[in-house]
Amino acid sequence: MTRHVLRLVALLLVCLGTGSVQAREPLLLIGIDGLRWDIIDRHPAPVLRALAAGGVRSQGLVPVMPSKTFPNFYAIATGLYPEHNGVLDNASYDEVLDKSFRMSDQDDARWFEGEPIWITAERQGVSTATMFWVGSGVENQGLRPRYWHPFDGSVSNAARVRQVLDWFALPQAERPAFVSVYFEAIDTASHEFGVDSPQEREAVAAVDASIGEMLAGLEALGLREQLNVMVVGDHGMTNLDAERIVYLDDYLDVSTLSSLYSPQLSGERQGNAVFAAWHGAPDQIETLYQALALAHPALSVFRQAQFPDWFHQGHPQRAPDLILMPEPGWMVSKRGVPYGGPRANHGFSPHERDMHASFIANGPAFLAAQVVEPFELVHLYNLMARLLDIEPAPNDGDPARILPLLAPGR
Ligand code: AMP
Ligand code: ZN
Ligand code: ZN
(Lines give C-alpha, C1' and ligand atoms only; values in the text may rest on other atoms or scores of the structure.)
(Ligands and ions follow the chains in the order given, each with its own letter.)
Protein backbone atom coordinates (compact mmCIF):
# COMPACT_ATOMS: atom_id res chain seq x y z
CA MET A 1 0.00 0.00 0.00
CA THR A 2 2.70 2.45 1.05
CA ARG A 3 4.74 1.53 -1.99
CA HIS A 4 1.68 2.15 -4.19
CA VAL A 5 1.21 5.61 -2.70
CA LEU A 6 4.89 6.41 -3.13
CA ARG A 7 4.68 5.44 -6.79
CA LEU A 8 1.66 7.69 -7.25
CA VAL A 9 3.49 10.59 -5.63
CA ALA A 10 6.51 9.96 -7.85
CA LEU A 11 4.30 9.95 -10.95
CA LEU A 12 2.63 13.17 -9.82
CA LEU A 13 6.02 14.83 -9.38
CA VAL A 14 7.02 13.74 -12.88
CA CYS A 15 3.76 15.18 -14.23
CA LEU A 16 4.27 18.48 -12.43
CA GLY A 17 7.87 18.66 -13.58
CA THR A 18 7.29 17.99 -17.26
CA GLY A 19 3.78 19.24 -17.76
CA SER A 20 2.91 15.92 -19.40
CA VAL A 21 1.63 12.56 -18.25
CA GLN A 22 4.75 10.67 -19.38
CA ALA A 23 8.30 10.85 -18.14
CA ARG A 24 10.53 12.58 -20.67
CA GLU A 25 11.35 10.34 -23.64
CA PRO A 26 15.03 10.47 -24.60
CA LEU A 27 15.92 11.99 -27.96
CA LEU A 28 18.82 10.78 -30.09
CA LEU A 29 19.78 13.19 -32.87
CA ILE A 30 21.98 11.53 -35.50
CA GLY A 31 23.67 13.97 -37.91
CA ILE A 32 25.08 12.41 -41.07
CA ASP A 33 27.13 14.71 -43.22
CA GLY A 34 26.16 14.69 -46.90
CA LEU A 35 23.22 12.30 -46.47
CA ARG A 36 21.44 13.20 -49.71
CA TRP A 37 17.65 12.74 -49.70
CA ASP A 38 17.76 9.65 -51.93
CA ILE A 39 20.93 7.97 -50.63
CA ILE A 40 19.21 5.04 -48.90
CA ASP A 41 17.42 4.26 -52.16
CA ARG A 42 20.72 4.22 -54.09
CA HIS A 43 22.76 2.13 -51.66
CA PRO A 44 21.95 -0.75 -49.31
CA ALA A 45 21.17 0.68 -45.86
CA PRO A 46 19.06 -1.87 -44.00
CA VAL A 47 19.02 -0.03 -40.66
CA LEU A 48 18.07 3.38 -42.05
CA ARG A 49 15.49 1.81 -44.36
CA ALA A 50 13.91 -0.01 -41.43
CA LEU A 51 13.84 3.22 -39.38
CA ALA A 52 12.11 4.95 -42.30
CA ALA A 53 9.66 2.09 -42.86
CA GLY A 54 8.64 2.08 -39.20
CA GLY A 55 8.67 5.86 -38.87
CA VAL A 56 8.42 9.01 -40.93
CA ARG A 57 10.64 10.05 -43.83
CA SER A 58 10.72 13.31 -45.71
CA GLN A 59 11.14 13.41 -49.47
CA GLY A 60 13.77 16.05 -48.79
CA LEU A 61 15.20 18.18 -46.03
CA VAL A 62 15.80 21.59 -47.61
CA PRO A 63 19.08 23.18 -46.47
CA VAL A 64 19.83 26.83 -45.87
CA MET A 65 22.07 28.66 -48.32
CA PRO A 66 24.88 27.87 -48.82
CA SER A 67 24.33 24.10 -48.69
CA LYS A 68 27.48 23.61 -46.61
CA THR A 69 28.17 21.83 -43.34
CA PHE A 70 28.53 24.60 -40.73
CA PRO A 71 25.55 26.78 -41.69
CA ASN A 72 23.27 23.75 -41.95
CA PHE A 73 24.13 21.82 -38.81
CA TYR A 74 23.96 25.07 -36.86
CA ALA A 75 20.61 26.03 -38.44
CA ILE A 76 19.27 22.61 -37.39
CA ALA A 77 20.51 23.21 -33.83
CA THR A 78 19.13 26.76 -33.52
CA GLY A 79 16.12 26.91 -35.86
CA LEU A 80 17.69 30.13 -37.12
CA TYR A 81 18.76 31.13 -40.61
CA PRO A 82 22.41 32.15 -41.06
CA GLU A 83 21.51 35.87 -40.89
CA HIS A 84 20.21 35.27 -37.35
CA ASN A 85 22.71 32.72 -36.01
CA GLY A 86 25.94 34.19 -37.39
CA VAL A 87 27.15 31.09 -39.27
CA LEU A 88 26.95 32.30 -42.87
CA ASP A 89 29.19 29.63 -44.41
CA ASN A 90 32.01 27.23 -43.49
CA ALA A 91 34.17 30.35 -43.69
CA SER A 92 32.89 33.89 -43.27
CA TYR A 93 34.11 37.40 -42.60
CA ASP A 94 32.90 39.82 -39.92
CA GLU A 95 33.34 43.44 -41.06
CA VAL A 96 33.10 44.95 -37.56
CA LEU A 97 35.45 42.47 -35.85
CA ASP A 98 37.62 42.45 -39.00
CA LYS A 99 37.96 38.73 -38.49
CA SER A 100 37.46 35.65 -40.64
CA PHE A 101 35.85 32.60 -39.09
CA ARG A 102 36.79 29.13 -40.31
CA MET A 103 35.80 25.60 -39.32
CA SER A 104 38.87 25.41 -37.06
CA ASP A 105 37.36 28.21 -34.93
CA GLN A 106 34.87 25.64 -33.70
CA ASP A 107 34.88 26.99 -30.12
CA ASP A 108 34.88 30.75 -30.78
CA ALA A 109 31.68 31.99 -29.13
CA ARG A 110 31.71 35.19 -31.23
CA TRP A 111 30.93 33.15 -34.31
CA PHE A 112 27.98 31.13 -32.98
CA GLU A 113 24.97 33.31 -32.19
CA GLY A 114 21.46 32.29 -31.19
CA GLU A 115 20.52 29.47 -28.86
CA PRO A 116 21.12 25.86 -29.87
CA ILE A 117 18.75 23.17 -28.61
CA TRP A 118 21.21 21.80 -26.02
CA ILE A 119 21.40 25.24 -24.37
CA THR A 120 17.60 25.62 -24.46
CA ALA A 121 17.41 22.26 -22.71
CA GLU A 122 20.17 22.91 -20.13
CA ARG A 123 18.60 26.29 -19.31
CA GLN A 124 15.40 24.42 -18.42
CA GLY A 125 17.12 21.75 -16.35
CA VAL A 126 17.15 19.05 -19.04
CA SER A 127 20.60 17.55 -19.43
CA THR A 128 22.25 17.00 -22.79
CA ALA A 129 25.27 15.32 -24.37
CA THR A 130 26.93 15.87 -27.74
CA MET A 131 29.20 13.37 -29.45
CA PHE A 132 30.07 16.19 -31.84
CA TRP A 133 27.81 18.80 -33.38
CA VAL A 134 28.70 22.11 -34.98
CA GLY A 135 28.76 24.74 -32.22
CA SER A 136 28.40 22.27 -29.35
CA GLY A 137 31.74 23.16 -27.75
CA VAL A 138 30.80 26.82 -27.42
CA GLU A 139 29.82 28.32 -24.11
CA ASN A 140 26.46 30.05 -24.45
CA GLN A 141 24.82 32.04 -21.60
CA GLY A 142 27.38 30.43 -19.27
CA LEU A 143 26.18 26.95 -20.28
CA ARG A 144 27.41 24.01 -22.34
CA PRO A 145 26.06 20.51 -22.89
CA ARG A 146 26.48 18.55 -19.65
CA TYR A 147 28.69 16.11 -21.58
CA TRP A 148 30.51 17.00 -24.81
CA HIS A 149 33.71 16.53 -26.80
CA PRO A 150 35.61 18.98 -29.00
CA PHE A 151 35.38 17.86 -32.62
CA ASP A 152 38.02 15.31 -33.61
CA GLY A 153 37.55 13.61 -36.96
CA SER A 154 40.02 10.85 -36.03
CA VAL A 155 37.62 9.36 -33.47
CA SER A 156 36.24 6.16 -35.02
CA ASN A 157 32.55 5.59 -35.65
CA ALA A 158 32.72 2.70 -33.18
CA ALA A 159 34.09 4.98 -30.44
CA ARG A 160 31.34 7.52 -31.11
CA VAL A 161 28.73 4.76 -30.76
CA ARG A 162 30.33 3.51 -27.54
CA GLN A 163 30.25 7.02 -26.03
CA VAL A 164 26.57 7.45 -26.90
CA LEU A 165 25.73 4.10 -25.27
CA ASP A 166 27.83 4.93 -22.20
CA TRP A 167 25.83 8.12 -21.73
CA PHE A 168 22.51 6.34 -22.08
CA ALA A 169 23.71 3.68 -19.61
CA LEU A 170 24.21 6.24 -16.82
CA PRO A 171 21.91 6.11 -13.80
CA GLN A 172 18.72 8.03 -14.54
CA ALA A 173 19.70 11.10 -12.49
CA GLU A 174 22.85 11.56 -14.60
CA ARG A 175 21.52 10.33 -17.93
CA PRO A 176 21.11 13.00 -20.63
CA ALA A 177 17.66 13.34 -22.19
CA PHE A 178 19.15 14.66 -25.44
CA VAL A 179 22.13 13.07 -27.16
CA SER A 180 23.61 14.05 -30.51
CA VAL A 181 26.08 12.09 -32.59
CA TYR A 182 27.74 13.03 -35.89
CA PHE A 183 29.24 10.98 -38.74
CA GLU A 184 31.21 12.52 -41.62
CA ALA A 185 32.34 9.34 -43.45
CA ILE A 186 29.73 9.52 -46.22
CA ASP A 187 30.45 13.18 -47.07
CA THR A 188 34.18 12.42 -47.12
CA ALA A 189 33.75 9.45 -49.48
CA SER A 190 31.36 11.27 -51.82
CA HIS A 191 33.72 14.26 -52.11
CA GLU A 192 36.72 12.11 -52.86
CA PHE A 193 35.20 9.43 -55.09
CA GLY A 194 31.91 10.87 -56.35
CA VAL A 195 28.19 10.33 -56.02
CA ASP A 196 27.31 6.64 -56.57
CA SER A 197 30.95 5.53 -56.24
CA PRO A 198 31.72 2.14 -54.61
CA GLN A 199 33.46 4.07 -51.82
CA GLU A 200 30.27 6.05 -51.14
CA ARG A 201 28.39 2.76 -51.03
CA GLU A 202 30.87 1.38 -48.47
CA ALA A 203 30.62 4.50 -46.33
CA VAL A 204 26.82 4.26 -46.31
CA ALA A 205 27.07 0.61 -45.26
CA ALA A 206 29.54 1.48 -42.47
CA VAL A 207 27.49 4.35 -41.04
CA ASP A 208 24.30 2.31 -41.35
CA ALA A 209 25.96 -0.51 -39.38
CA SER A 210 27.09 1.95 -36.68
CA ILE A 211 23.52 3.14 -36.27
CA GLY A 212 22.45 -0.49 -36.06
CA GLU A 213 24.92 -1.07 -33.22
CA MET A 214 23.68 2.01 -31.43
CA LEU A 215 20.04 0.91 -31.66
CA ALA A 216 20.89 -2.63 -30.55
CA GLY A 217 22.73 -1.19 -27.55
CA LEU A 218 19.75 0.99 -26.68
CA GLU A 219 17.49 -2.04 -26.95
CA ALA A 220 19.76 -3.91 -24.53
CA LEU A 221 19.50 -0.97 -22.11
CA GLY A 222 15.72 -1.22 -22.31
CA LEU A 223 15.44 2.28 -23.79
CA ARG A 224 14.49 1.57 -27.39
CA GLU A 225 10.71 1.70 -26.89
CA GLN A 226 10.71 5.19 -25.35
CA LEU A 227 13.45 6.58 -27.55
CA ASN A 228 12.77 9.08 -30.31
CA VAL A 229 15.45 8.98 -33.03
CA MET A 230 15.99 11.63 -35.68
CA VAL A 231 18.41 11.06 -38.55
CA VAL A 232 19.26 14.26 -40.40
CA GLY A 233 21.59 15.18 -43.23
CA ASP A 234 22.94 18.70 -43.64
CA HIS A 235 22.84 18.91 -47.46
CA GLY A 236 23.07 16.71 -50.55
CA MET A 237 25.86 16.22 -53.06
CA THR A 238 26.39 16.42 -56.81
CA ASN A 239 29.19 15.35 -59.14
CA LEU A 240 31.61 17.95 -60.46
CA ASP A 241 33.58 18.06 -63.65
CA ALA A 242 37.07 19.54 -63.93
CA GLU A 243 35.91 21.09 -67.25
CA ARG A 244 33.08 23.01 -65.62
CA ILE A 245 35.04 25.81 -63.97
CA VAL A 246 34.45 29.54 -64.34
CA TYR A 247 37.86 31.24 -64.04
CA LEU A 248 37.36 34.71 -62.59
CA ASP A 249 40.62 36.05 -64.00
CA ASP A 250 39.33 35.43 -67.53
CA TYR A 251 36.98 38.34 -66.93
CA LEU A 252 38.89 40.68 -64.65
CA ASP A 253 42.33 41.32 -63.19
CA VAL A 254 41.73 39.98 -59.69
CA SER A 255 45.01 41.42 -58.39
CA THR A 256 43.92 45.00 -59.14
CA LEU A 257 40.93 44.67 -56.82
CA SER A 258 43.11 45.07 -53.76
CA SER A 259 40.43 45.83 -51.18
CA LEU A 260 38.27 42.84 -52.11
CA TYR A 261 38.18 39.77 -49.91
CA SER A 262 36.49 36.40 -50.32
CA PRO A 263 36.69 33.94 -47.39
CA GLN A 264 36.03 31.06 -49.81
CA LEU A 265 38.63 32.04 -52.41
CA SER A 266 41.48 33.02 -50.11
CA GLY A 267 43.99 31.07 -48.09
CA GLU A 268 45.51 27.74 -48.85
CA ARG A 269 43.42 25.03 -50.52
CA GLN A 270 40.57 27.48 -50.98
CA GLY A 271 41.09 28.25 -54.63
CA ASN A 272 38.02 26.43 -55.93
CA ALA A 273 34.62 27.36 -54.61
CA VAL A 274 31.02 26.50 -55.27
CA PHE A 275 29.66 29.50 -53.43
CA ALA A 276 31.85 32.58 -53.10
CA ALA A 277 31.07 35.64 -51.01
CA TRP A 278 32.97 38.91 -51.44
CA HIS A 279 33.49 41.85 -49.13
CA GLY A 280 34.92 45.17 -50.24
CA ALA A 281 34.63 48.87 -50.95
CA PRO A 282 31.49 49.84 -52.92
CA ASP A 283 33.34 50.96 -56.07
CA GLN A 284 35.37 47.77 -56.22
CA ILE A 285 32.32 45.60 -55.60
CA GLU A 286 30.67 47.46 -58.49
CA THR A 287 33.68 46.78 -60.71
CA LEU A 288 33.49 43.10 -59.81
CA TYR A 289 29.76 43.04 -60.51
CA GLN A 290 30.10 44.72 -63.90
CA ALA A 291 32.88 42.33 -64.91
CA LEU A 292 31.05 39.15 -63.89
CA ALA A 293 27.32 39.80 -64.13
CA LEU A 294 27.03 38.68 -67.74
CA ALA A 295 30.34 36.86 -67.98
CA HIS A 296 29.29 33.23 -68.01
CA PRO A 297 25.92 31.47 -68.41
CA ALA A 298 26.69 29.10 -65.49
CA LEU A 299 27.43 31.94 -63.05
CA SER A 300 24.89 34.05 -61.15
CA VAL A 301 26.04 37.24 -59.46
CA PHE A 302 24.13 39.06 -56.73
CA ARG A 303 24.90 42.38 -55.08
CA GLN A 304 23.72 42.68 -51.47
CA ALA A 305 20.83 45.00 -52.37
CA GLN A 306 19.49 42.34 -54.76
CA PHE A 307 19.77 39.29 -52.48
CA PRO A 308 16.48 37.38 -52.64
CA ASP A 309 14.84 36.90 -49.20
CA TRP A 310 15.52 33.16 -49.31
CA PHE A 311 19.28 33.77 -49.20
CA HIS A 312 18.92 34.66 -45.51
CA GLN A 313 22.45 36.09 -45.63
CA GLY A 314 21.53 39.58 -44.34
CA HIS A 315 23.55 39.39 -41.11
CA PRO A 316 24.28 42.89 -39.73
CA GLN A 317 28.08 42.40 -39.59
CA ARG A 318 28.71 39.45 -41.88
CA ALA A 319 26.44 39.90 -44.89
CA PRO A 320 28.60 39.62 -48.01
CA ASP A 321 28.60 42.58 -50.40
CA LEU A 322 28.39 40.25 -53.38
CA ILE A 323 27.72 36.55 -53.89
CA LEU A 324 28.78 34.31 -56.77
CA MET A 325 26.69 31.21 -57.26
CA PRO A 326 27.40 28.74 -60.05
CA GLU A 327 24.97 26.25 -61.56
CA PRO A 328 25.05 22.72 -60.05
CA GLY A 329 28.22 20.88 -60.99
CA TRP A 330 30.16 24.10 -61.69
CA MET A 331 32.85 25.82 -59.66
CA VAL A 332 34.47 29.24 -59.60
CA SER A 333 38.23 29.46 -59.41
CA LYS A 334 41.31 31.42 -60.36
CA ARG A 335 43.75 30.25 -63.01
CA GLY A 336 46.91 28.93 -61.47
CA VAL A 337 45.03 27.37 -58.57
CA PRO A 338 45.60 23.66 -59.13
CA TYR A 339 42.44 21.60 -59.24
CA GLY A 340 42.99 18.45 -57.20
CA GLY A 341 39.42 17.43 -56.57
CA PRO A 342 36.88 17.03 -55.07
CA ARG A 343 34.90 14.76 -57.43
CA ALA A 344 31.61 15.88 -55.94
CA ASN A 345 30.50 18.84 -53.89
CA HIS A 346 27.64 20.77 -52.32
CA GLY A 347 27.14 24.47 -51.68
CA PHE A 348 24.78 25.04 -54.61
CA SER A 349 21.34 26.61 -54.32
CA PRO A 350 19.12 24.92 -51.71
CA HIS A 351 16.42 24.82 -54.39
CA GLU A 352 18.42 22.25 -56.35
CA ARG A 353 17.06 18.75 -55.76
CA ASP A 354 20.57 17.28 -55.44
CA MET A 355 21.23 19.60 -52.48
CA HIS A 356 18.32 18.24 -50.44
CA ALA A 357 19.23 16.08 -47.44
CA SER A 358 17.55 13.11 -45.73
CA PHE A 359 15.22 13.24 -42.76
CA ILE A 360 14.12 10.01 -41.05
CA ALA A 361 12.48 9.88 -37.63
CA ASN A 362 11.28 6.93 -35.59
CA GLY A 363 9.88 6.49 -32.12
CA PRO A 364 6.74 6.86 -30.05
CA ALA A 365 6.30 10.56 -30.94
CA PHE A 366 6.39 9.98 -34.71
CA LEU A 367 3.95 8.65 -37.24
CA ALA A 368 4.74 5.21 -38.61
CA ALA A 369 5.12 4.28 -42.27
CA GLN A 370 4.68 7.86 -43.49
CA VAL A 371 6.41 9.82 -46.23
CA VAL A 372 6.03 13.59 -46.05
CA GLU A 373 6.83 16.39 -48.49
CA PRO A 374 10.16 18.21 -48.40
CA PHE A 375 10.51 20.83 -45.67
CA GLU A 376 13.22 23.25 -44.52
CA LEU A 377 15.61 22.16 -41.80
CA VAL A 378 15.08 25.32 -39.71
CA HIS A 379 11.82 23.73 -38.53
CA LEU A 380 13.63 20.95 -36.67
CA TYR A 381 14.52 23.07 -33.63
CA ASN A 382 10.83 23.47 -32.72
CA LEU A 383 10.36 19.74 -33.27
CA MET A 384 13.19 18.87 -30.87
CA ALA A 385 11.87 21.33 -28.24
CA ARG A 386 8.47 19.68 -28.49
CA LEU A 387 9.92 16.17 -28.19
CA LEU A 388 11.91 17.23 -25.11
CA ASP A 389 8.92 19.06 -23.68
CA ILE A 390 10.81 22.33 -23.28
CA GLU A 391 9.98 25.91 -24.28
CA PRO A 392 11.75 26.83 -27.55
CA ALA A 393 13.65 30.11 -27.79
CA PRO A 394 12.41 32.51 -30.50
CA ASN A 395 13.40 31.06 -33.87
CA ASP A 396 12.72 31.12 -37.62
CA GLY A 397 10.86 27.79 -37.76
CA ASP A 398 7.09 27.44 -38.08
CA PRO A 399 5.70 25.06 -35.42
CA ALA A 400 2.84 24.12 -37.78
CA ARG A 401 5.28 22.59 -40.27
CA ILE A 402 6.28 19.77 -37.93
CA LEU A 403 2.74 18.64 -37.10
CA PRO A 404 2.54 16.28 -40.14
CA LEU A 405 5.42 14.26 -38.62
CA LEU A 406 3.87 13.57 -35.25
CA ALA A 407 1.78 10.67 -34.00
CA PRO A 408 -1.81 11.48 -32.98
CA GLY A 409 -1.96 13.33 -29.66
CA ARG A 410 1.67 14.51 -29.85
P1 AMP B 1 32.25 20.40 -45.83
O2 AMP B 1 33.47 21.10 -46.30
O3 AMP B 1 31.07 21.31 -45.80
O4 AMP B 1 32.02 19.14 -46.59
O5 AMP B 1 32.51 20.00 -44.30
C6 AMP B 1 32.63 18.68 -43.81
C7 AMP B 1 33.67 18.63 -42.74
O8 AMP B 1 33.31 19.44 -41.64
C9 AMP B 1 33.86 17.29 -42.09
O10 AMP B 1 34.65 16.42 -42.86
C11 AMP B 1 34.51 17.63 -40.76
O12 AMP B 1 35.92 17.58 -40.88
C13 AMP B 1 34.11 19.08 -40.54
N14 AMP B 1 33.32 19.21 -39.31
C15 AMP B 1 32.14 18.67 -39.04
N16 AMP B 1 31.69 19.00 -37.81
C17 AMP B 1 32.64 19.77 -37.27
C18 AMP B 1 32.77 20.44 -36.01
N19 AMP B 1 31.83 20.33 -35.07
N20 AMP B 1 33.88 21.18 -35.81
C21 AMP B 1 34.84 21.28 -36.76
N22 AMP B 1 34.77 20.69 -37.97
C23 AMP B 1 33.69 19.94 -38.23
ZN1 ZN C 1 28.24 18.66 -44.70
ZN1 ZN D 1 31.04 18.06 -47.66
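In this predicted model, D196 has a relative accessible area of 47% and is therefore partly exposed. D196 takes part in a salt bridge with R42, in which the closest N and O atoms are 2.6 Å apart. In contrast to the partly exposed D196, both D38 and R42 are buried. These contacts belong to a network of salt bridges that links R36, D38, R42, D196, E200 and D354.

The structure contains 16 salt bridges. One of them is formed by the side chains of R335 and D250, at 2.8 Å from N to O. The two residues come from distant parts of the chain, 85 residues apart: R335 is found in the loop between strand 15 (331-333) and strand 16 (344-345), and D250 in the loop between strand 10 (245-247) and strand 11 (272-273). R335 has a relative accessibility of 48% and so counts as partly exposed; D250, at 41%, is likewise partly exposed.

Arginine side chains also lie over aromatic rings. The charged end of R303 sits over the ring of Y289, 3.5 Å from its centre, and R353 lies over the face of W37, at 3.7 Å from the ring centre.

Aromatic pairs number 15 in the structure. In one of them, F70 and F112 are tilted, with 6.4 Å centre to centre and 45 degrees between the planes. Because F70 lies in helix 4 and F112 in the loop between strand 4 (99-101) and helix 6 (117-123), the pair ties together parts that are 42 residues apart in sequence. F70 is buried, with a relative accessibility of 8%, and F112 is buried with a relative accessible area of 4%. Ring pairs join F70 and F112 with Y74, F101 and W111 in a cluster.

The zinc ion (ligand 2) has D33 (OD), T69 (OG1), D234 (OD) and H235 (NE2) as its protein donors, at 1.9 to 2.1 Å. The four donor atoms subtend angles of 93 to 120 degrees, so the arrangement is tetrahedral. Along the chain, the donors follow the spacing D-x35-T-x164-D-H. Distant parts of the chain are linked by T69, in helix 4 (residues 69-78), and H235, in the loop between strand 8 (228-233) and strand 9 (238-239), 166 residues apart. T69 is buried at 8% relative accessibility, as is H235 at 0%. A separation of 4.1 Å lies between the zinc ion (ligand 2) and the zinc ion (ligand 3).

How values were computed: Residues are numbered from 1 along each chain as its sequence is written. Chains are lettered from A and ligands numbered from 1 in the order in which they are written. This is a predicted model: local features need pLDDT of at least 70, side-chain atom pairs count only at pLDDT 80 or more; totals for chains, interfaces and linings use all residues. Side-chain values use heavy atoms; hydrogens and water are left out. Donors are N, O and S atoms within 2.8 Å of the metal (3.2 Å for Na, K and Ca); water is not among the atoms, so sites may look incomplete. Four donors count as tetrahedral if all angles lie between 85 and 135 degrees; four count as square planar and six as octahedral if opposite donors are over 155 degrees apart and all others between 65 and 115; anything else is irregular. Helices (H or I, at least four residues) and strands (E, at least two) are DSSP runs, numbered from the N terminus. Buried means under 20% relative accessible area, exposed over 50%, partly exposed in between (1.4 Å probe, protein chains only). Rings of Phe, Tyr and Trp (its six-membered ring) pair if their centres lie within 6.5 Å; planes under 30 degrees apart count as stacked, over 60 as edge-to-face and the rest as tilted. A charge sits over a ring if NZ of Lys or CZ of Arg is within 6 Å of the ring centre and within 35 degrees of the ring normal. A salt bridge is a side-chain nitrogen of Lys or Arg within 4 Å of a carboxyl oxygen of Asp or Glu.
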